[in-house]
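Please look through the following points with the model open beside you. They go from the overall fold to single residues, and each can be checked on its own.

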Amino acid sequence: MSYLFESFKGWKEYCHKNDMSLFECVLEYERDQKGNDDDAIWNGLSRAYSVMKDAVNTGLTEEMTSRSEMINNGAKKVFNHSTTVLSKEFQKLISRALAAKEVNSCMGRIVAAPTAGASGILPGTLYTLQEIHGLEDKKIYEGLLIGAGIALIIEQRASLAGAVGGCQAETGSAAAMASGAIVYCLGGSVDQIFNAVAITIQCMLGLICDPVAGLVEVPCVVRNASAAAIANSSAQIAIANVSGVIPVDECIEAMGEVGQSMEDRYKETALGGLAATKTGQQISKKI
Ligand code: SF4
């Protein structure tokens, strides 16, 4: 019987007891619970990462204007701009997260990791991480498995859907997955990986879901960029052993509690937040 991903504490204990790494636990879950063999799992991860990279490249090279025209080739403008705010790598990270999400808003092919609304965060992060550190594909696939384990627990204890838990559940969860994957890929310990998740959730907690005109475009696309930045900042903090103080399981509990108490107008109904602004309403009527 494989581990069922109910808590981070349980995941760590199971790994310790069975002398397994975090990703091996997710592999075992995929085998036992989903009936997949190892080849199918690794091939699936390879395909998923390939689609993620394609989405980044498509968003940076092809015409990306959504039907509403709220999304209009933003990623390319960021990628090519002559002013670099922090570093070239940061500029690439942000533009890649935007690019993959723009592909989704323009009805292209993406990996919903964990949802379509948050589909730019893992691609932007992993693509850039691999490029900077020269990581093997296999390491990235293992990082994706770590991300999957993180998402399984969040799904159990809080939610992955904006309609249930607000945007913290979508872009927040994707950022947590990415942050854990970064720390894993850079050789971090289990505690550092889980601390990165805790810090990421702390940074994303309370974020509402308020898509203008009910379209997954504004603010969704820019939130993919900020979530990618938070995933990286959290990983940087965690890998230096700076504690998030509140343990990861308690952070996820807080996320669930905040999601439950959030008013319905902040849960994908397009009735509150940015969707309810004067401009948001005007766009909604026009569309
Ligand atoms: S605002 Fe809502 S629809 Fe947009 S990414 Fe966040 S959760 Fe998804």
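1. This is a predicted model, and its secondary structure consists of 13 helices and 0 strands. Read from the N terminus, the order of elements is accordingly α-α-α-α-α-α-α-α-α-α-α-α-α.

2. On overall dimensions, the radius of gyration is 18 Å, which agrees with the value near 19 Å that a compact globule of 287 residues would have. Along the principal axes, the C-alpha atoms occupy a box of roughly 60 × 40 × 40 Å, and 50% of the 287 residues count as buried. Among contacts between residues at least 6 apart in sequence, 78% link residues that are at least 24 apart.

3. In soluble globular proteins, nonpolar side chains tend to be buried together.

4. Because 13 residues at 1.5 Å a residue should span 18 Å, the 18 Å between the end C-alpha atoms of H6 agrees with expectation. Its buried residues are Ile121, Leu122, Pro123, Gly124, Thr125, Leu126, Tyr127, Thr128 and Leu129, and what covers them includes H3, H5, H7, H9 and H11. Just after H6, glycine 134 takes a positive phi of about 60°.

5. Helix H2 (residues 22–34) also has 13 residues, and the distance from its first C-alpha to its last is 18 Å, close to the 18 Å expected at 1.5 Å a residue. Here Leu22, Phe23, Cys25, Val26, Leu27 and Glu30 are buried, so that a charged residue, Glu30, is found among them. An α-helix has 3.6 residues a turn, so residues three or four places apart point the same way. The buried residues of H2 pack against helix H1 (8–18), helix H3 (38–61), helix H7 (137–157), H9 and helix H10 (190–204). Glycine 35, which follows H2, has a positive phi near 75°.

6. Which residues are closest to the ligand? The ligand is surrounded by 14 residues, and the closest are Gly117, Gly162, Cys167, Cys209 and Cys220. H9 and helix H11 (220–239) each supply at least two residues of this shell, the largest share, 3 residues, being that of H9. By type, the shell divides into 7 nonpolar, 3 polar and 4 charged residues.

7. Most residues other than glycine have a negative phi, and most peptide bonds are trans.

8. Phenylalanine 5, in the segment before H1, has a positive phi of about 55° although it is not a glycine. Is phenylalanine 5 buried or exposed? It counts as buried because it has 23 C-beta neighbours inside 10 Å, the cut-off being 20 or more. Not counting residues up to four places away in sequence, phenylalanine 5 touches Trp11, Tyr29, Gly149, Leu152, Ile153 and Gln156. The C-alpha atoms of phenylalanine 5 and glutamate 155 are 9.4 Å apart, although 150 residues separate them along the chain.

9. Alanine 270, in the loop between helix H12 (248–261) and helix H13 (278–286), likewise has a positive phi, near 60°, in a residue other than glycine.

Technical notes. Residues are numbered from 1 along each chain as its sequence is written. This is a predicted model: local features need pLDDT of at least 70, side-chain atom pairs count only at pLDDT 80 or more; totals for chains, interfaces and linings use all residues. A residue is near a molecule or strand if its C-beta atom, placed from the backbone, lies within 6 Å of it. Helices (H or I, at least four residues) and strands (E, at least two) are DSSP runs, numbered from the N terminus. The expected span of a helix is 1.5 Å times one less than its number of residues. A residue is buried if 20 or more other C-beta atoms lie within 10 Å of its own, exposed if 12 or fewer, and partly exposed in between; C-beta atoms are placed from the backbone. Two residues are in contact if their C-beta atoms, placed from the backbone, lie within 7 Å. The radius of gyration is taken over C-alpha atoms; the globule rule is 2.2 Å times the number of residues to the power 0.38.
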